[in-house]
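Hi everyone, thanks for coming. Let's have a look at a new structure together, starting with where its chains touch.

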Amino acid sequence: MAPDELRIRNKMKRQELFADVKDQKNKERHKMRKQRAKEERENPELKEKRLQENVTNTIDSLRVYDETIHHEVEGDEADFAQFFNNGTEPPKILLTTNVNAKKKAYEFANVLIEILPNVTFVKRKFGYKLKEIVEFCSNRNYTDLVIINEDKKKVTGLTFIHLPEGPSFYFKISSYVDVQKIVGHGRATSHIPELILNNFQTRLGNTVGRLFQSIFPKNPDFEGRQVITLHNQRDYIFFRRHRYVFRNEEKVGLQELGPQFTMKLLRLQHGIKEETEWEHTADMDKEKKKFYL
Amino acid sequence: MRLLIACDDSGSIKELICNKNTNTSVQTAPQPFHVGTHLPEGFDSRVEIIKMVGTQQLLVARANGSIHLIKLKRVDRDVSETDPAKEPIFQVSELHEASTVGGLFDEARLLSIHKSSKKRSRPRDGFVALELVPQTSNRIFSATKSGLVHVLSIENGELKLVSSNSVKAPLEFAQVYDLAAAQKTNSKHRASSQLTFAYGGEENLVKIAHFTSGYKTVKQIWEAKNVSNDRLDLKVPVWPTKLKFLEPASAGADEGKVNFQFVTMNRLGFFRQYRTLTGRKPMLSKALLPKNEFATQLQAINSDVTPAGNIRSSSFDNLQFITSDLKKNVFSFTAASGPLGKYGNGDITGYASFLNIQKNYLLQGGLDRYVRVFDPESRAMICKCYTGSKISSVVMVEEEEIEVPQLKENKKRKPKHGDDKAEAEEDEELWSTLESSAKKLKKN
């Protein structure tokens with residue numbers, strides 16, 4: 001509306017007028033949509049064409065150019081062998097907490113015991129250095145060490161250390177939703193789940209994806225119909241667990257098993273927490289359309 | 001410029017040809033002309049150090065304990081598929097392995113030390129130095145983390161092991177003293193044609209040693225002393241990570257005494273200056289980094305340096321250095337004023353495992369898989385290229401720019417005179433409408 005027309009000094013009248021105009025516009029839009037839907041029902045090609053032409057710009061689709069995305073992964077086999085310990089051993093995980101952990105950490109450990117395969121939980125004791133723990137694990141053929149980080153009675157992070165020679169990952173944990181709080185949740189079974197890794201595109205994303213690949217065994221029990229999804233969106237990794245149900249020959253249903261939580265990579269280190277390969281810093285958040293995974 | 005890059009992930013050497021202002025992270029910026037992969041041998045045999053010997057030969061130390069002599073050959077680039085008139089003209093290198101010497105590691109020595117080490121990962125032996133012996137063209141000095149020092153020779157294009165000795169392990173560095181030529185001219189000093197080097201590492205104080213009787217034995221001639229205990233009377237950890245020699249002090253020199261000057265970087269971020277004539281403790285020890293951050297590199301930038309990186313100056317004053325920490329920072333500093341500024345402006349995201357000044361350019365590569373070239377003085381980034389692999393060594397072979405043929409289509413057309421007039425009219429119109437609308441707003 002041009003500034004000339006807005007000379008109504010009574011506020012209520014002005015609002016009334018504005019509401020009228022708005023209502024009129026809405027009606028026009030609805031009419032147009034109805035008309036379009038009718039046309040498209042008769043001629044589905046029109047809908048296809050419209051959807052092709054009008055692609056919404058999202059932050060994801062407008063991400064800053066990253067040359068590592070379509071770059072061939074160099075030394076892929078060596079990388080693979082390093083994570084899968086030359087493919088000879090199935091994953092064997094030691095789970096522990098930080099020193100002097102509180103109840104929340106142990107509760108989260110209980111949840112992780114159900115999720116991670118072939119896992120042993122060991123209560124963290126005073127007086128053992130990380131170097132000694134790693135040595136202990138390596139001598140007993142553990143392939144990964146997972147440490148739950150709890151701070152002020154909240155689980156804040158997860159550290160994954162691949163054994164015997166790294167790398168080490170540190171993730172921030174947020175938005176944890178307990179199984180009991182998910183409406184209509186199912187009960188998980190001990191079957192080895194299938195794994196869906198979504199949207200890990202860059203070189204760093206590949207490394208993170210490979211960590212999760214190496215943690216879960218490569219031979220899922222399909223009869224369990226359980227799936228773990230790790231979906232990366234804008235550098236946040238969403239953890240979800242579902243069971244799929246074949247309703248009939250065409251329809252497949254999903255039942256969430258829980259829990260839900262979100263991880264964010266904060267640090268990737270070479271070796272057992274030595275040289276930093278990548279670290280999240282606060283100034284990386286300044287640029288909204290730059291993603292690292 | 002032409003760079004040779006040691007790529008860890010595939011164990012290869014990559015040849016990168018690019019011009020200034022190349023940036024692979026920006027699509028509109030100039031891109032590298034050529035990236036060629038040579039001699040891939042896998043991660044376990046990755047290249048740790050590359051050194052040029054003349055212009056046609058390359059020495060390469062690999063992580064499997066072998067040193068290779070590689071011949072470089074230039075060939076014309078294949079431009080048969082594209083239009084040669086539109087393509088820049090340059091040659092690419094072909095690398096051929098000429099000779100190899102293997103079995104230069106002794107990992108068992110490191111394993112026994114590892115228990116008391118502060119490093120958590122399982123130790124792997126590796127090369128810490130690969131240098132041409134000063135004033136020779138066919139003798140090579142190499143040192144390993146496990147404390148083995150080797151001398152090799154190039155005879156008729158073949159590498160041969162001359163001698164192997166051991167010094168106290170572990171080594172973090174072994175720095176060859178190549179300022180002897182300057183020393184020779186000064187009649188006051190001992191004319192030294194011996195191969196002298198300094199070494200040190202974790203709980204291994206800086207020591208200076210030289211080879212005697214034709215590289216057969218190593219004799220230690222000087223050892224540093226640790227700094228005094230801290231204010232809680234606790235021992236300060238010993239962990240020198242890099243050392244650079246300066247020219248020896250001339251004042252008060254005694255012929256019989258060991259006369260060296262050098263600077264060291266300590267893992268805990270201490271920069272130290274030593275003069276062997278004054279004593280075994282450092283003359284100056286300055287903390288550069290906050291607590292719990294580790295420094296790894298040391299390079300002088302505002303002084304003339306020798307091929308081995310030693311400083312052609314006898315004065316510690318006004319020297320400017322660069323260093324890097326284990327996180328992602330590369331910064332310059334002076335002993336007097338501390339840190340001056342960071343390189344890369346937040347662009348470097350991983351540990352810079354390689355830093356070196358060659359032909360007045362600062363070459364940087366590391367765990368973030370980019371090779372970057374900086375101007376050391378202004379700290380401006382000249383070039384940035386994604387290599388796809390972690391980098392452990394970079395050599396600048398040539399610094400010349402490659403001429404890019406200017407295409408006629410690319411040339412900007414000169415705007416015609418008539419266009420200017422039309423533009424001016426348009427501007428006038430725009431101004432008049434803007435002015436009228438401004439008046440209206442004022443009324444309201």
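How many residues does the contact take from chain A and from chain B? Chain A gives 27 residues and chain B gives 26 residues, where a contact means C-beta atoms, placed from the backbone, within 7 Å of each other. On chain A, helix H3 (76-83), helix H5 (130-139) and strand S11 (276-279) each supply at least two residues of the side that touches chain B. The largest share, four residues, comes from S11(A). Helices here are DSSP runs of H or I with at least four residues, strands are runs of E with at least two, and both are numbered from the N terminus.

A word on the source: this is a predicted model, with local features needing pLDDT of at least 70, side-chain atom pairs counting only at pLDDT 80 or more, and totals for chains, interfaces and linings using all residues. Residues are numbered from 1 along each chain as its sequence is written, while chains are lettered from A and ligands numbered from 1 in the order written.

Now to chain B and strand S1 (residues 2-7). Six of its six residues are buried, that is, 20 or more other C-beta atoms lie within 10 Å of their own, again placed from the backbone. Arg2(B), Leu4(B) and Ala6(B) point one way, and Leu3(B), Ile5(B) and Cys7(B) the other.

Who are the neighbours? S1(B) pairs antiparallel with strand S28 (residues 391-398) of chain B over six bridges; pairing takes at least two DSSP bridges. There, Leu3(B) has Met396(B) as its bridge partner. Six bridges also join S1(B) to strand S2 (residues 12-17) of chain B, again antiparallel, with Glu15(B) partnering Leu4(B).

Conventions
Contact = placed C-beta atoms within 7 Å. Buried ≥ 20, exposed ≤ 12 C-beta atoms within 10 Å, placed from the backbone.
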